[in-house]
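Welcome to this short briefing. Take a moment to look over the sequence and turn the model around before reading on.

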Amino acid sequence: MSPRRRVATDYPVDDGGPLLEVEDLTTAFRTPRGRLVAVDGVSLTLQPGTTLGVVGESGSGKTVLSRSIMRLLPQKGTETGGRVVFRGRELTPLSRKELRQIWGAEMAMIFQDPMTSLNPTMKLGRQITESLRYHLDMSRNEAREHAVALLRSVGIPTPERRLGEYPHQLSGGLRQRVTIAIALACGPRLLFADEPTTALDVTVQAQILDLLAAQQRERSMTMVLVTHDLSVVAGRTDEIAVMYAGRIVERAPTKVLFSKMKMPYTEALLASLPRADRPSHTPLKVIPGRPPDLVDPPKGCRFAPRCSYAQDKCLAEDPPLREASPGHVYACWFPVGTPAGRGALTANGRAAGAAPADPTLARSSP
Amino acid sequence: MADLVVEPILAADEVRAEAAGARPRRFKLTFWLAAGWMAAITFVAVFANLLPLPPPNKPLVGPPYSLPSWQYPLGTDELGRSMLSRVVFGARVSLEVGVAAIVIGLLVGGFFGLVAGYYRGKLDAVISAVANVMLAFPALIFAAALVAFLGPSLEVVILVIGVLSIAPLTRLVRATTLTHAGREFVLAARMMGYSSRRILFREVMPNVIPSAISFALVGMALAIVLEGALSFLGLSIRPPQPSWGNMIAEATQYLTQDAWLVICPSLFLFFTVLALNLGGDTFRAVFDVKESAL
Amino acid sequence: MTAETAVSLLDVEHLVVEYPLGHGRKVHAVSDLSLSVAEGETLGLVGESGCGKSTTGRAIVQLPRPTSGAVRFEGTDLTKLGGDDLRRLRPRLQMIFQDPISSLNPRRRIEDIVGDPLTVWAPRGEEKGEAASRRKAKVAEVLDAVGLDPVAVGGRRPHEFSGGQCQRISIARALVLEPRLLICDEPVSALDVSVQAQIINLLEATKARYGLTLIFISHDLAVVRNISDRVAVMYLGKICEVGPADELYNEPLHHYTAALLAAIPEPDPDVDPSKHVALEGELPSAVEPPSGCRFRTRCPRAEGRCAQEEPELRELRPGHTVACHFPIEAPVVEVAASAG
């Protein structure tokens with residue numbers, strides 16, 4: 001499937017270099033309470049054909065990050081800074097009109113809730129062929145045939161019939177497949193999947209993630225998988241970036257992250273996950289408190305108020321991103337697994353003394 | 001380290017931040033202007049008798065067709081009557097009609113709407129059917145018929161407009177009640193073993209009241225306009241008693257001689273309706289923000 | 001402690017919940033469901049959307065009343081109780097819900113939300129001043145038990161709190177009348193990962209402190225395993241398998257359970273998720289469920305018998321029952337050969 005392109009592919013870099021380079025990206029919103037910095041100086045590089053997982057909780061900035069990179073944010077009340085370079089071409093100064101040539105054709109996104117990302121009043125066929133006709137200049141019949149083939153390729157049974165149906169007539173899993181078909185229709189090079197399976201059941205989740213992986217292989221596509229679920233990214237990504245309070249706090253190849261993590265936040269996140277492969281009533285180690293206020297973030301390390309390794313230095317000074325090994329960066333004064341880190345933990349343990357009174361923080365094994 | 005509540009507002013969700021930026025939390029200037037206007041109009045209407053104004057129906061207080069001046073702040077009409085007095089007493093009529101209509105609408109319509117939305121079933125079916133019939137009935141014809149039957153007077157007009165405001169309020173309150181009655185806190189209240197009456201009046205109703213009030217404010221504006229239309233058609237209080245509507249009606253014949261006679265009451269009507277609409281909107285915006293602040 | 005030896009706090013027998021759709025069609029949300037919950041245990045009820053687990057929870061508390069079946073709580077059949085009698089029993093069975101924010105009345109203050117039940121159910125003879133101080137003390141006690149400062153929290157309204165805090169308040173409210181049974185309907189699904197662990201721990205702690213029995217309904221298999229003693233798996237309105245949590249997860253007997261477990265992603269990069277065979281197909285309609293075994297349309301092991309005969313729940317291991325004609329492993333011990 002090599003679609004004709006309406007847009008001139010005048011990209012300086014097409015081979016060898018990174019597909020996407022993000023430099024010091026910042027996004028801030030003007031809110032009644034003040035300036036809310038949702039993404040605070042994020043930098044990353046993406047090589048073609050790889051999968052990056054972006055993990056974080058609500059308020060971490062992961063959703064705003066993917067939309068900032070695609071430049072999909074509303075213009076009113078939003079300030080952006082930094083550079084985004086896609087295939088050697090800088091996206092930051094482009095107008096909306098120019099960006100529209102890129103959206104769908106070069107970069108696409110799928111969202112969490114397929115019910116709200118599909119137009120409920122438009123038949124599915126039209127929603128798919130819309131994109132085909134706009135970007136690839138297809139005639140109505142060509143687009144229809146293409147749409148049927150697309151639906152079949154994403155595993156939707158009786159695709160011809162589906163073209164005439166409305167979103168509400170399909171189940172959640174099928175709807176998500178349709179949104180994937182729409183996103184992939186014009187063969188984009190980069191796909192952002194923003195919590196694509198959060199709203200779905202676990203068996204459907206597995207189907208959808210398998211589908212995305214298969215499509216990625218077939219099309220040699222690069223994918224960014226944004227999720228709050230560490231389990232989802234564990235087996236399906238090449239690299240993982242952990243976000244907290246608008247920043248990337250740790251980034252590493254997947255296997256390295258899980259075996260040699262340096263950030264206490266990453267460690268705490270992993271320890272607080274209930275596991276289906278651990279016995280019943282396994283105590284969960286809890287991260288106390290809540291994520292910080294992004295209008296008025298704390299001085300020093302943003303995770304420090306909740307960190308079990310935190311020392312005075314952490315509350316005063318913001319740690320910079322440092323490299324632990326090639327491709328593995330983190331930002332911490334007392335990282336996990338180092339003598340400094342271990343010392344910090346012991347010092348805090350001695351200071352805490354008795355077991356915490358808060359019943360949510362710990363529970364004893366029966 | 002117990003997880004205590006320190007600051008009320010949590011780390012802002014990014015998408016919510018966008019929405020919050022679009023909605024003002026505090027009252028804007030337009031709201032204060034609207035509130036000020038309504039306060040002024042209400043004040044003069046209530047204390048009309050105590051104000052140092054010439055009687056509204058007394059002719060030749062000054063030369064006819066006088067333009068606004070220091071002596072006659074809003075000028076005089078074709079019979080030399082003080083426009084200011086007439087507008088003030090006309091305001092009284094409009095406000096009486098507006099407030100009474102709203103009160104009838106809220107009390108009767110609100111009650112039935114609550115009951116229909118909470119209990120559902122046959123009760124809802126009956127109430128909704130009656131409301132639909134009332135809504136379908138052409139308002140002006142109903143008004144004209146009643147006035148023809150009972151004679152034009154302020155009481156009749158209030159009755160007519162009051163009855164007309166029942167059905168829309170029933171519909172609105174029913175819809176809002178349905179929304180809130182479906183929420184989990186109502187289920188939790190049932191789980192606590194609260195009686196239906198308690199749930200309806202202490203759990204659901206407080207949530208319904210804000211939108212009912214904001215709708216009612218806008219409805220008040222409509223009531224005032226409707227009264228204006230009725231008196232324009234001669235179906236409301238008869239001249240020489242002033243009402244904004246009949247002042248406009250009478251003055252149209254003198255349009256070429258003195259347009260001010262038409263413009264003056266029209267402006268008062270316009271600003272009052274505008275103020276009520278703005279008030280209703282702002283009221284809703286403030287309460288909406290609070291609820292969706294999560 | 002198996003289900004038979006412990007005292008049964010709740011017995012659900014042949015529960016049926018159906019919704020009419022008109023033209024003689026119905027949604028079979030729950031079909032002939034029976035289970036027991038022993039006093040002091042946590043029963044996890046797990047399944048995917050459309051399986052009827054939430055409906056079961058609501059039917060147990062009679063909100064709304066089930067189409068048929070019996071729900072015996074402390075020996076009394078709730079389905080047979082009239083309005084006032086049922087209301088009087090309500091304080092003993094409480095529920096917490098999925099959406100923490102919509103579970104609390106946005107127009108009321110926390111101390112009223114949590115304290116009102118005490119006023120409504122205050123014993124008749126009690127003097128006003130005494131009732132008020134008792135109420136204040138109890139509200140403070142439960143808010144403290146869920147990790148919130150009663151003084152800081154009491155006068156505020158729900159919109160001032162985060163999802164996790166609202167869920168704590170809901171738990172406090174559920175505890176204030178000292179219920180015996182607490183049904184948790186997806187209580188952590190709407191919360192952030194780091195907050196989930198807080199609430200799970202909190203539920204375990206309050207269960208121990210107040211001597212509760214829990215029914216924990218969720219679609220999240222990892223969470224259910226963590227908190228439950230026994231787990232029941234539902235599919236399209238029926239129970240497929242019930243057993244001790246660890247045994248069910250380690251050695252599932254029903255093919256659906258196995259498929260569910262295979263689909264769970266693990267936070268372990270060395271596990272290749274594509275190795276597990278994902279469950280094919282879509283959930284059949286609850287309006288016209290498949291004949292015989294409802295899972296047969298997607299089951300790798302289905303045979304002719306599965307379409308003709310609906311499997312009954314049989315106890316294949318102590319305390320471990322399964323409804324399947326061809327369960328996964330040969331049963332280790334045939335406990336009741338006469339069953340079925």
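Two residues are in contact here when heavy atoms of theirs lie within 4.5 Å. With that in mind, Lys238(C) touches Ser31(C), Asp32(C), Cys51(C), Val233(C), Arg294(C) and Glu310(C), leaving aside residues up to four places away in sequence. Please remember that this is a predicted model. The points below start with this lysine and then visit other parts of the structure.

**A lysine in chain C**

- You can find Lys238(C) in strand 10 of chain C, which covers residues 238-244.
- Buried means under 20% relative accessible area. Lys238(C) has a value of 16%, so this lysine counts as buried.
- One of its neighbours is Ser31(C). The backbone oxygen of Ser31(C) lies 3.2 Å from a polar atom of the Lys238(C) side chain.

**Aromatic rings in chain B**

- Over all chains, a search of the whole structure finds 16 aromatic pairs.
- Phe271(B) is partly exposed, with a relative accessible area of 37%.
- Now put the rings together: Trp37(B), Trp244(B), Phe268(B), Phe270(B) and Phe271(B) make up one aromatic cluster.

**Charges over rings**

- In chain A, Lys313(A) lies over the face of Trp333(A), 3.9 Å from the ring centre.
- In chain B, Arg198(B) lies over the face of Tyr194(B), at 4.8 Å from the ring centre.

**An enclosed helix in chain B**

- Why is helix 7 (residues 184-191) of chain B described as largely enclosed by the rest of the structure? The reason is that 7 of its 8 residues are buried.
- Those buried residues are Glu184(B), Phe185(B), Val186(B), Leu187(B), Ala188(B), Ala189(B) and Met191(B).
- Within chain B, they pack against helix 3 (83-119), helix 6 (154-181) and helix 8 (196-232).
- The buried residues of helix 7 of chain B also pack against parts of chain C, namely helix 1 (53-60), strand 6 (93-96) and helix 6 (163-175).
- Just after helix 7 of chain B comes Gly193(B), which takes a positive phi of about 85°.

**Chain A as a whole**

- Chain A has 13 helices and 12 strands.
- Its radius of gyration is 22 Å, close to the 21 Å that the globule rule gives for 366 residues, so chain A is as compact as a globular protein of that length.
- The C-alpha trace of chain A spans about 75 × 50 × 45 Å along its principal axes.
- Of the 366 residues in chain A, 55% count as buried.
- Among contacts in chain A with a separation of 6 or more, 66% come from residues 24 or more positions apart.
- Chain A exposes about 15,300 Å², and carbon and sulfur atoms supply 51% of that area.

Key: Residues numbered from 1 in each chain as written. Chains lettered and ligands numbered in written order. Predicted model: local features only at pLDDT ≥ 70, side-chain atom pairs only at ≥ 80, totals over all residues. Heavy atoms only, no water. Phe/Tyr/Trp six-rings, centres within 6.5 Å; stacked < 30°, edge-to-face > 60°. Buried < 20%, exposed > 50% of the residue type's maximum accessible area, 1.4 Å probe, protein only. Lys NZ or Arg CZ within 6 Å of the ring centre and 35° of its normal. Helix = DSSP H or I, 4+ residues; strand = E, 2+ residues; numbered from the N terminus. Rg over C-alpha atoms; globule rule 2.2 N^0.38 Å. Areas by Shrake-Rupley, 256 points an atom, 1.4 Å probe, with all protein chains shown as cover. Polar contact = N/O pair within 3.5 Å; in protein donor to acceptor, adjacent residues only side chain to side chain.
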